[in-house]
Amino acid sequence: MKNWLPLTWAVAANSFGESVRHRFFTLFSVFAFTAIYASVLAGVMAVDEEARVLADLGLALMELTTLAYVLFQASSSLLKEAETKTIYLVFSRPVPRWIYLAGKMGGVMLTAAFMLAVMSCMHLALLYFRGFALPAAYGWALAGSFCKLAVITAFAFFVSLFSTSSVSTLVISGILWTLGHFVSETRFMAEHAYGIKAVLLKAVIWLIPNLQLFNARDAAGAAAAIAPAAFLAGAAWILAAYLASLWLLARKEF
Amino acid sequence: MTSRAVTFSKVEKTYKRPRLLGAAYHTAVQDLSFDIPAGEITGLLGLNGAGKTTIMKLITGLLFPTAGSLKVFGLPPSGQPAKAKVGFLPELPYFPPQVKPGAALAYYGRLSGLSGKDLSLAVAAALERTGLEPHAHKRVAEFSKGMLQRLGLAQALLHRPDLLVLDEPVSGLDPLAIHDIRKLLAGLNAEGRTIFLSSHSISEVEKLCGRVLIMVRGRLAKTVSRAEWEAAPGGLEAIFVEAVK
């Protein structure tokens, strides 16, 4: 298949366009801008730590807002196309399912990158007007947030292919996101557990992506770069979720 | 090109619906064998639930047969080479309301492998052919049902397919829109394209088709040629009523 790249790009660009044209996108944008601006209040209350609070709270809000929107998109994207029968117009054409899936996931990841980029511009402007310099590891923090969002997007697509509704996909993906931030604790529990409990906990560690790997500003000194191994792990999780999704999609009838 | 656009040979399609305990099975079509000759307009008639849409989806590779074999121009329908030769209009096609028809068509054109100048020409030709050119500046949200159906037909025509599969192409349209679509389909057939359409409107099928397949509860009850229904008292309607009773 020599034209796989333009086909994937066509699906991704269409998916991105639909994401940013969605009425919820405007609502999320307004909420995000308001929330980031409101973090000024928390910063003022932090007195001596205003710069750190403003930076960390802003980054966290950006990540959570983008998470909410991309999970909404990833959980409803395929379902909506099947419900509106738009998928008939796609799969009755010479579009391989692996390309369609890659394009759809790529479109949602593009949306995540776009949202992070726009919100970070606003966040940095806010920091600048408050008289603070660029926070340490800011770029790494954004890259880490994007990696986490890309991993959870791929998982949400996988879940959406077997779950009965977009709400259940949202819930399952939300649980996975939360568990992904407690992998160190799960590992600690596995090391101190015995028998079946230990086996189960070790299996969970393998199945759940370790999203803590991408928390750049959690590292000592808050200025550490994300290790290349973390990016490789992220890519492996995305690939695994993509292949599992493809296995389901290839068998799906419409 | 083979003289048969589509060949069904003992095709069966059974749907599996997962239940809390086990699954429920429903056979939509069974023991289905027929050909659609290339270059002709073939109609598909049947009551609701007779299996018309299942047949359309099997031809376009959206469903896979449970048993039997199915070929489109001698190729498996789920493969890319067969799909490149087919244009599909589903019943009540959906387009994002905020886009303009040209943008919607450009997307589907890209998915059909068109790009650059070829894509622009194909979009312009499809808009002109379906009479949507004067409405090209409007958003899909402003379109009437007839205009949406034309847009659906335009996306099916973009890549100049050899076979057009149309599910209820005149459903819910006003008489003028029906007249225009009939004229368009006759023109496409005159160019040598094979058309396979399903409809609930016997009179429309009678006007357009050279041959009609009548489905009853998932089985092919009768194949009728134009000469047969023209010679029969009561025409196609009488034959259809007799077959489905």
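From the N terminus on, chain A reads α-α-α-α-α-α-α-α-α-α. Keep in mind that this is a predicted model.

Q: How many helices and strands does chain A have?
A: Ten helices and zero strands. A strand would need a DSSP E run of at least two residues, and the count for chain A is zero.

Q: Which residues make up the contact between chain A and chain B, and what makes them count?
A: Being in contact takes C-beta atoms within 7 Å. That brings in 21 residues from chain A and 23 from chain B. On the chain A side, α1 (4–21) and α4 (86–91) are the elements that give two or more residues, and α1(A) has the largest share with six. By class, that side has eleven nonpolar, five polar and five charged residues.

Q: Why is B:Phe73 called buried?
A: Because B:Phe73 has 20 C-beta neighbours inside 10 Å, and 20 or more is what the label asks for. B:Phe73 sits in the loop between β4 (67–72) and α2 (80–83) of chain B. Its phi is near 50°, a positive value in a residue other than glycine.

Q: And B:Arg217, why is it called partly exposed?
A: B:Arg217 has 15 other C-beta atoms within 10 Å; the label covers counts between the exposed limit of 12 or fewer and the buried limit of 20 or more, so partly exposed it is. B:Arg217 belongs to the loop between β8 (211–216) and β9 (219–225) of chain B, and has a positive phi of about 45° without being a glycine.

Q: What makes β2 and β4 of chain B edge strands?
A: The open sheet has three strands in the order β2-β1-β4, paired antiparallel. β2 (23–37) and β4 each have a single partner strand, so one side of each is left without a neighbour in the sheet. The twist averages 25° from one strand to the next.

Q: How do you know that β1 and β4 of chain B pair?
A: Pairing takes at least two bridges, and five join β1 (residues 4–18) to β4(B), running antiparallel. Within this sheet, B:Thr7 stands opposite B:Lys71 in β4(B). Helix α1 (residues 52–59) of chain B lies across β1, β2 and β4, at about 115° to β1(B).

Q: Which domains does chain B have, and how far apart are their C-alpha centres?
A: The domain assignment gives domain 1 (4–85 + 162–244) and domain 2 (96–160), with C-alpha centres 25 Å apart. Nine residues from domain 1 and eight from domain 2 make the contact. Helix α6 (residues 175–190) gives the most to the domain 1 side, four residues.

Terms used: Residues numbered from 1 in each chain as written. Chains lettered and ligands numbered in written order. Predicted model: local features only at pLDDT ≥ 70, side-chain atom pairs only at ≥ 80, totals over all residues. Domains from an automatic or database assignment. Contact = placed C-beta atoms within 7 Å. Axes fitted to C-alpha atoms, helices over the stretch in contact; angles between N-to-C directions. Nonpolar A, V, L, I, M, F, W, Y, C, P; charged D, E, K, R; others polar.
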